[in-house]
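The sequence and structure come first.

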Amino acid sequence: MATAVPLALLVLVALLAPGLGVAFPGCEYPAHLWCSSREIAVACQAESRCANLSRPAAAPVELSLYYESLCPACREFLVQQLFTTWLLLPTEVLNITLVPYGNAEERSISGKWQFQCQHGPEECLGNMIETCLMHEAENFSTYFPVIFCMESGSSVTKNLEACLQIYAPQLDRSHVAACVQGDTGAALMHRNAQLTQALDPPHQYVPWVVINGKHTDELQAQAQSSLLRLICRLYQGEKPEACGGSGSPKGLTGCRR
């Protein structure tokens, strides 16, 4: 006479999907729920069998660019490497901070900050415009395309109105101009000076790239050769589709002090 099989055991066997195996201590969920969330999959030791679970969210790669508005190497890096990499990658992969100041010098005269720039007064104006644009726009996705437009044009300082019309028509040019001409712009540029002077190691040229709080010759060379490849390698989360590509190596250039 066949041994009677408890109904509860039959139910358990029926619920177990093929290949999932048996429940582990600490797993209080039926097998058909094991892949419903990462927490349950971990408790039931079923992560490897749950293809639908995405990898945990990873912190974005933090990149800070210290640059000058008229430095040819800075413009090349911003336009050809940084902007294109930003366009290709999801926002959760890369976080960018722009600090336009570079090899400038500041001094306080009668309580007001004045600046002298490597490529002359026009560069100081370009740095100020871009700094005030960031201040007024606040949102990176709003102001970065405008800065890209300015840096890729024939004149950084004369393209603001046209670039705003194309990329950020909602921004008021008069507000940016007021910042540039007033105390706010000078205070913002002084902050850029402080950030640049606090670099460790001190910057020797621009563009100067800091990634996840670090600057090394190797990171700088990799960033200027193929920033996309570097960010894809450093990002610890699930690799986006764009990380299947790579850039062409090119020479390391810069505006030395």
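How many bridges join strand β3 to strand β4? Five bridges do, linking β3 (residues 105-109) with β4 (residues 112-116) in an antiparallel run; strands pair if DSSP finds at least two bridges between them. This is a predicted model, in which local features need pLDDT of at least 70, side-chain atom pairs count only at pLDDT 80 or more, and totals for chains, interfaces and linings use all residues. Residues are numbered from 1 along each chain as its sequence is written, and side-chain values use heavy atoms, with hydrogens and water left out.

Within the pair, Arg107 stands opposite Gln114 in β4. Two residues separate β3 from β4 in this hairpin.

Helix α4 covers residues 121-137. Helices here are DSSP runs of H or I with at least four residues, strands are runs of E with at least two, and both are numbered from the N terminus. From first C-alpha to last, α4 reaches 24 Å, close to the expected 24 Å, where the expected span is 1.5 Å times one less than the number of residues. Of the 17 residues in α4, 12 are buried (under 20% relative accessible area, 1.4 Å probe, protein chains only). Among them are Cys124, Met128 and Leu133.

| Residue | Place | Phi |

The whole chain has nine helices and seven strands. Buried residues make up 44% of its 257 residues.

Terms used
Buried < 20%, exposed > 50% of the residue type's maximum accessible area, 1.4 Å probe, protein only.
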